[in-house]
Amino acid sequence: MNLVIFGPPGAGKGTQSKFISNRFNLHQLSTGELLRIEIKNKTILGSKISSIMNSGDLVSDDIVTTLIEKYISQNTYKNRLIFDGYPRNLNQAINLDKLLKKYDQKIDLVLNLSVKLDTIKKRILERRFQEKRADDNEVVAIKRFKNYESSTKPVLDYYNKSNLLKDVNGEASITEINVEISGIIESIKG
Ligand code: AMP
């Protein structure tokens with residue numbers, strides 16, 4: 001099964017993806033994480049994207065699509081991917097469907113973690129002390145949330161039309177969310 005974990009920045013997508021990947025033997029594919037590795041390793045790509053990421057804007061669709069194709073194309077990951085932080089706009093959602101089709105795969109489930117802006121601000125500020133991410137400060141967090149509302153949220157309609165979408169209350173505790181998500185995945189696996 002391939003699944004998308006969806007939600008605003010700070011919704012808990014990374015935490016839940018890690019849990020799901022361990023429990024169901026899937027592979028977490030976080031585009032944000034892959035981009036941060038480029039910056040950390042001081043690659044040419046890293047130098048191009050660091051100011052964009054630190055300001056809270058999205059990097060170009062081409063860059064992220066190339067990164068994810070490297071995984072989708074490998075047999076080891078076939079039907080085992082959790083897309084965390086991708087797609088971030090409608091164009092990426094369409095690209096993802098095309099790419100998966102090219103490698104004879106599809107999306108089986110989209111989990112939407114819904115969380116209020118106040119909770120997001122609180123979580124991002126807490127995470128700043130743990131993960132020391134350059135884009136985890138209040139000003140950039142608000143910008144990322146606005147980008148989510150304008151570019152990313154419309155993708156939900158796209159998935160809703162294909163009946164893939166399941167809403168999860170992202171305000172609940174980590175364990176409660178784990179339980180809810182596991183139930184959804186089990187029911188889909190049948
Ligand atoms: P994340 O770790 O998912 O919160 O992503 C951190 C940052 O990486 C975002 O604010 C964007 O600048 C960039 N990024 C991650 N995924 C994408 C994507 N699918 N498309 C464009 N930019 C992305």
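Me: Which residue of β4 stands opposite Phe-6?

Reply: Asn-112 does. This is a predicted model: local features need pLDDT of at least 70, side-chain atom pairs need 80 or more, and totals for chains, interfaces and linings use all residues. Residues are numbered from 1 along each chain as its sequence is written, and side-chain values use heavy atoms, without hydrogens or water.

Me: In which sense do β1 and β4 pair?

Reply: First, the terms. Strands (E, at least two residues) and helices (H or I, at least four) are DSSP runs, numbered from the N terminus. Two strands pair if DSSP finds at least two bridges between them. Here β1 (residues 3-6) and β4 pair in the parallel sense, over four bridges. Strand β5 (residues 165-169) also pairs with β4 in the parallel sense, over five bridges. There, Ser-114 has Asn-169 as its bridge partner in β5.

Me: Why is β4 largely enclosed?

Reply: Buried means under 20% relative accessible area; exposed is over 50%, and partly exposed is in between (1.4 Å probe, protein chains only). Strand β4 spans residues 109-114, and five of its six residues are buried, so the rest of the structure largely encloses it.

Me: Which residues touch the most other members of the largest nonpolar core?

Reply: A nonpolar core joins buried Ala, Val, Leu, Ile, Met, Phe, Trp, Tyr and Cys residues through side-chain atoms within 4.5 Å. The largest one has 28 residues, and Phe-83, Leu-96 and Tyr-159 touch the most other members. Several elements each supply at least two residues of this core, among them β1, α3 (44-55), β3 (81-84) and α5 (90-102). A second, separate core has 21 residues, including Leu-26, Val-115, Ile-124 and Ile-184.

Me: What is Phe-83 in contact with?

Reply: Contact means heavy atoms within 4.5 Å. Leave aside neighbours within four places in sequence. Phe-83 then contacts, among others, Leu-3, Val-4 and Ile-5, as well as Ile-68, Leu-96 and Leu-100.

Me: Which side chain makes a polar contact with Thr-119?

Reply: A polar contact is a pair of N or O atoms within 3.5 Å; within protein, one must be able to donate a hydrogen and the other to accept it, and residues adjacent in sequence count only if both atoms are side-chain atoms. The side chain of Thr-119 makes one with the side chain of Glu-171, at 2.9 Å. Thr-119 sits in helix α6 (residues 117-131). It is buried, at 15% relative accessible area.

Me: How many residues surround the ligand?

Reply: A residue is near a molecule if one of its heavy atoms lies within 4 Å of it. Here 16 residues surround the ligand; among the closest are Thr-31, Arg-36 and Gly-85. Helix α2 gives the most to this shell, with four residues. A polar side-chain atom of Thr-31 lies 2.8 Å from a ligand nitrogen. A backbone N or O atom of Gly-85 lies 2.9 Å from a ligand nitrogen.

Me: What about the backbone: which residues does a cis peptide bond join?

Reply: Tyr-86 and Pro-87, with omega about 0°. Pro-87 lies in the loop between β3 and α5.

Me: Is Lys-42 buried or exposed?

Reply: Lys-42 counts as exposed, at 73% relative accessibility. Its place is the loop between α2 and α3. Asn-79 is in the loop between α4 and β3, and at 31% relative accessibility it counts as partly exposed.
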